[in-house]
Amino acid sequence: MVQQTSIQPSAPWLRLDVDDSDWTDAEVSSLVRWYHQMLLIRRFEEKVLDLANAGLVHGPAHASIGQEATAVGAMSVLGTGDRINGTHRAHHQVLAKLVNAQTPGGFDPLHDAFNPGMQGSVRGLMAEIMGLKSGYCGGRGGSMHMRDDASGIPGTSAIIGGNLPHAAGYALADKLLGTGNISVAFFGDGTMMAGPAYEAMNIAALYRLPVIFFAENNLYAVSTHINEQTRETRLASRGPMLGFRGIECDGMDVVAVHHAMREARRTIEEDGGPVLVEALCYRFLHQSGARPGSEFGYRTRAEEDVWKARDPLATMAARLKTMGILNASDLGTLDQRVMEVVNTAADSLTEMSGNALRIPDHLWPDPSDVDNQIRGDLSELKGERFLEIEDAPADTRPVKFMVAASEVIARAMEQDARIIIMGEDVHRLRGGVSGATKGALERWPERVLAMPIAENGFVGVALGAALCGLRPIVEIMFGDFCLVAADQLFNAVGKVRHMFGGGFPVPIVVRVRVSPHTGYGSQHSGDPSGLFALFPGWRIVAPTTPFDYIGLMNSALKCDDPVVVIEHVELFPSEGPVPADDRDYCVRLGKAKIVRPGSACTLLTSASMVAVASQVVEETGVDAEIIDLRSLDPTGLDWPLVEASIRKTNRVAVIEQVQRGLSLGGRLTQEIQDRVFDYLDHEILHVTGSLSAPVVSAPLNRAALGGAEKLKAALQSLTAVGG
């Protein structure tokens, strides 16, 4: 007979409630301080909405009015060293964290005045929302992107789901570095439906990371009700589903949130993380702006009134009066002091012009700084030892390409304990699918972290870890998988330094295998170099020889910018000389190499196509100058060398293997046109693949790629008499 047995999740899932006794048991000073912080958040956001209505906020203002208890209750168990992030609606969390960081010894709002640091926090946050240069990110982040690392805020993310992997990365850094801190990712109910949320929670659970995933379930993702988003509306269930504790609490009750967070922190400290906290709450206004949601027709005034009757600020004020903690005069005094703080900040950022408020001109960022801090200046590499193969000691030995990769990565990990490796199968197969982690596995297995098949998730985790003290190496198994991780690679890693105002490192290295020739088909054969080139925060290197791999990888691992290393599988079995006992030298980022001098034309290429170009030139007898670009990012390319060559030869071809749509060559062609047009005696030729992606069929695969025959045709055109 068929039997059915009920299966229970391995992790607990619970609802946490408080009653009057929990309020009575709370410290009076804490209750007053929490009420004061909630009041500060409310008045701050009301002022921001006033400024927005006056046209002084460029962009959205996602107010959290109604959700103040979630932020204050959550922050009540966090220290300055604990880190948080949030999404587009993070004013309440950020403001509470900023102010707390300025009062580590506590603050009595009835008797203590705001110190300069606290006042500066309010002003700095308001200035950032208004897009002013005195904001925390110099006005670049605005309302949705906030960072102040000193206060424990590495950066919020406006992309739904994008911040959860980052918080898991903060927690990974804390765990490996032994700080004892925890991290908290704040997000809404809509985010819970996004893939990166599950990827991050699963990775955090897998490695028992000290992170709290805090879901503010305010019932609406913009205008879509929770019932229209998911069949299981009890969001805390997602924790036990992935093997860790889920706690539901009343998000309109600051004491309930405090106890839920205290239980979450206790769980992490005693049993390991993560923990999912779901706070049931309500935003009183629409997605952004000062109008209620009912005016847009997706909810009723009656529903709003029910929730407004539970306004956390009003109900707490009434409760504190009933408890005899604050009287009407005290409440008025607190409100007056908060308004003074908020108005002082606003007054310092505005002035009257006739009957209207305006922002003084001197408070705006300088437009000429718009491109500053996209990435660093490589000053961190100034003291390194740079070497080229021509200058290497005579004592060399032949080493295979991927053996060189394994050796240099292991050597770098020996010298820098902050380097970790993350990726799929990196802990197996004697060094992962390419063998690059072999040396690391033999010596540092605890720093080789196997990841599930979740590229977007683990790239985001790597970014969070990089922002908090580690230097991750991420392996992407195939180039096309970068598209799976595109949000984190390009929206996050590629923009994070500039978006948050710069001045901090983003030391992440992404290794990408590229194998268009192997017959793996259209979804495993792409070269993503052209994609990375669209985001100038990235540096792109493509080593051609084992010697260059060692030097470029060392530079990448010491660089404070994100670097992608393109590894062409065709090169893996190749051998080349490297110093016998030296794996510590660097090759300069942004330094190309003349592989073959010539005068008839210039051929710009890299990686596996260098050998193709050399072979074709030898076969045709064309006196071409072949340049191995090595660094491919257009803003960091060795333009002095390239321009000098073109001025000499007056003819140039860009040679790639990849399909035309993904190619970098179109971008380089435009740059060449802009830079040396007057020296060109022939149109710039672009040797590349077809419009289609590579496919499995061998003849079609060859036809889809740039190769020797296409290069021969280009050389014939370039060197034709009268051409």
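How much space lies in the second largest cavity? The second largest cavity holds about 40 Å³ of space. The structure is a predicted model, in which local features need pLDDT of at least 70, side-chain atom pairs count only at pLDDT 80 or more, and totals for chains, interfaces and linings use all residues. Residues are numbered from 1 along each chain as its sequence is written, and side-chain values use heavy atoms, with hydrogens and water left out.

Rolling a probe the size of a water molecule over the atoms shows where empty space is left. On a 1 Å grid over the protein atoms alone, a cavity is a set of points where a 1.4 Å probe fits but cannot get out, whereas a pocket is an open set with protein on both sides within 12 Å along at least five of seven lines; lining residues have an atom within 4 Å of a point. Grid points are joined across faces, edges and corners, and a volume is the space filled by probe spheres set on the points.

The whole structure contains four cavities of 30 Å³ or more. The largest cavity has a volume of about 210 Å³. Its lining comprises 23 residues, of which D527, S606, L632, I655 and E656 are the closest to its centre. By class, this lining has 13 nonpolar, eight polar and two charged residues. Here Ala, Val, Leu, Ile, Met, Phe, Trp, Tyr, Cys and Pro count as nonpolar, Asp, Glu, Lys and Arg as charged, and the others, Gly among them, as polar.

Among the residues that line the second largest cavity are I374, R375, D561 and P562. Helix α18 (residues 496-499) gives the most to this lining, with three residues; helices (H or I) are DSSP runs of at least four residues, strands (E) of at least two, and both are numbered from the N terminus. The lining of the second largest cavity has five nonpolar, three polar and four charged residues.

The largest pocket contains about 300 Å³ of space. It is lined by 19 residues, and R33, Q37, M75, N100 and T103 lie nearest its centre. The elements that give two or more residues to this lining are α2 (28-53) and α4 (91-101).

The cysteines remain to be considered. The structure holds zero disulfides, a disulfide being a pair of cysteine sulfur atoms within 2.5 Å. For C468, the nearest cysteine sulfur is that of C137, 15 Å away. C468 is buried, with a relative accessible area of 8%, and C601 is buried at 0%. Buried means under 20% relative accessible area, exposed over 50%, and partly exposed in between (1.4 Å probe, protein chains only).
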